[in-house]
Each structure stands twice: as C-alpha cells, then as structure tokens.
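Okay, shall we get going?

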Amino acid sequence: MLRNIFLSSLFILLAACGETAPEIKADNDSPEYKASEFFYAVLLEDDINKAVNASVPKYGRIIKSYGSTKQFARNVLNMRFDEVEIEIDHGSRSVRKRFGDSAVLNVILHGKHNGNRIADMRQIKLVKVKGTWYIEKVLDDPYAR
C-alpha cells in the first residue's frame, strides 16, 4: 500500500516536471494552428517527425533530408534562435482563402540568438487535404532586402 502511494506520487511529480507544450491560440483544424505547430516543432521542440507530419509529403522529404530540424532551419529557412516567440499575423488571411483548400499566412518570429534580438517574418503556404491542413512551403521573408 505504502509502495503504491510512493510510486503514484513519484509519477505525478515526474509528470509535473516535464516540459509543457507551447500554447497555440487557434482552432485545432485551422491553418493558423498548423503553421504554429510546424514552427514550434522546427524552432523550439527540435522534433523532426512532428515537422514532417505537419507537411505535405514532398516538403516532408526535404525536411527529412537535412537530418534534423536545426539543420533544416539553418540551411533552408536561414533561421537561428536560442529562444523565439511565434505569432501569426491575422491580417494576412483572407476569408476566401481561409475557407478554401489553400491558405497563405504570415508568421512573425521574435527571439534571440547569441544575445542579439532578432525579428523575422515568413509567409507559409498551406493546403487542405481531406479536411486536414498541411504545410506546402515556407516562403522567404517578403520584406527582406
């Protein structure tokens, strides 16, 4: 009896100490949610499988070919962050695209790398396949020089 109480309290303690998933403020079946989930997987969680599963197969193969999300972020997205905040620009979505089978969203990233503040923005193309949104491509910063 005492052993069971000890084991269950240890389990609860370990579960409470685990990392919490980032809070994404969007509907689970929205393109905003999928875009946030993708960038969290690539830039914060370092979870290549989650990033690949959030993408169309062609883009998923590109991500996997780099071996890790850090390599993909550095070489393809040209992004490096030690810490980052991810925000979806809600002004970038149009009603027509939002309720269709494709969407283009602006993702705003604020963070730090080596103590320097970095602000970046990317456009992300999403497609809806059988009711689920997938990342088709991350475009370059539309306002970069």
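Starting at the N terminus, the order of elements is α-α-α-α-α-β-α-β-β-β, which makes six helices and four strands. Those are DSSP runs numbered from the N terminus, H or I of at least four residues for helices and E of at least two for strands.

Bear in mind that this is a predicted model, where local features need pLDDT of at least 70, side-chain atom pairs count only at pLDDT 80 or more, and totals for chains, interfaces and linings use all residues. Numbering runs from 1 along each chain as its sequence is written, and side-chain values use heavy atoms, with hydrogens and water left out.

Of the 145 residues, 34% are buried, where buried is under 20% relative accessible area, exposed is over 50% and partly exposed is in between, with a 1.4 Å probe and protein chains only.

Now the charges. Lys58, Arg61, Lys125 and Lys137 form a positive patch on the surface. Patch residues have over 30% relative accessible area and no salt bridge, with like charges joined within 9 Å; a salt bridge would be a side-chain nitrogen of Lys or Arg within 4 Å of a carboxyl oxygen of Asp or Glu. Lys58 sits in helix H4, residues 57-65, and is exposed, at 60% relative accessible area.

And which residues make the negative patch? That's Asp82, Glu83, Glu85 and Glu87. Glu83 belongs to strand E1, residues 83-89, and is partly exposed, at 48%.

Key: Patches are made of residues with over 30% relative accessible area and no salt bridge: like charges are joined within 9 Å, nonpolar side chains (Val, Leu, Ile, Met, Phe, Trp, Tyr) within 5 Å. Accessible areas come from the Shrake-Rupley method with a 1.4 Å probe; for residues, only the protein chains shown count as cover. Lys and Arg count as positive and Asp and Glu as negative; His and the chain ends are not counted. The place of a charge is taken as NZ of Lys, CZ of Arg, CG of Asp or CD of Glu.
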